[in-house]
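Have a look at the picture first, then read on.

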Amino acid sequence: NGSGQLIFYERPDTDGPKLSRYSISPTSDPPSLKAVLSDALGVKGEVRKERRLFLIGQTRVHLDTVEGLGHFMELEVVMRPEQSVNEGQQLLVLADSRDERRNVPGCS
């Protein structure tokens, strides 16, 4: 539809579960936004990926195909304001223990 989003993530660059904050800014003109950001910040590289998104309760399952790198899966628990980090980690354990993966195409 020609629209897009600029998403900024603030999170540690470490393996495993982590708390992150993010900001989303919608755009109706992605090429213009790309040009302005490129002019302002420069370009160090470009990543081309296709993402499929599935929702299982509060968990977002991202299935990515990244050009030149392969296939990746990310689980992201979207916590409610009143939930603790421990509760978010328990949601991931519950999803795994119920073997929700069998309901996601491409996962075995």
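Starting at the N terminus, the elements of this protein go β-β-α-β-β-β-α, which gives two helices and five strands. Helices (H or I, at least four residues) and strands (E, at least two) are DSSP runs, numbered from the N terminus. Keep in mind that this is a predicted model, where local features need pLDDT of at least 70, side-chain atom pairs count only at pLDDT 80 or more, and totals for chains, interfaces and linings use all residues. Residues are numbered from 1 along each chain as its sequence is written, and side-chain values use heavy atoms, with hydrogens and water left out.

**The whole protein**
- Out of 108 residues, 14% count as buried; buried means under 20% relative accessible area, exposed means over 50%, and partly exposed is in between (1.4 Å probe, protein chains only).
- The protein exposes about 8700 Å², and 53% of that comes from carbon and sulfur atoms. These areas come from the Shrake-Rupley method with a 1.4 Å probe, and for residues only the protein chains shown count as cover.
- Take the contacts (heavy atoms within 4.5 Å) with a separation of 6 or more: 23% of them are between residues 24 or more positions apart.

- Three strands form an open sheet in the order 3-4-5, with antiparallel pairing; two strands pair if DSSP finds at least two bridges between them.
- Strand 3 (49-56) and strand 5 (70-77) are at the edges with a single partner strand each, so one side of each has no neighbour in the sheet.
- On average, neighbouring strands here are turned by 20° against each other, direction ignored. The axes behind that angle are lines fitted to C-alpha atoms, for helices over the stretch in contact, and angles run from 0 to 180 degrees between N-to-C directions.
- Strand 4 (residues 59-66) and strand 5 run antiparallel and are joined by eight bridges. In one of the pairs, Thr59 has Val77 of strand 5 as its bridge partner.
- In general, strands of a sheet pair through backbone hydrogen bonds, either parallel or antiparallel.

**Strands 1 and 2**
- Ile7 sits in strand 1 and is partly exposed, at 34% relative accessible area.
- Ser23 belongs to strand 2 and is also partly exposed, with 44% relative accessibility.
- Beyond its neighbours within four places in sequence, Ser23 is in contact with Leu6, Ile7 and Phe8.
- Ser23 and Leu6 are 17 residues apart along the chain, and their C-alpha atoms are separated by 8.2 Å.
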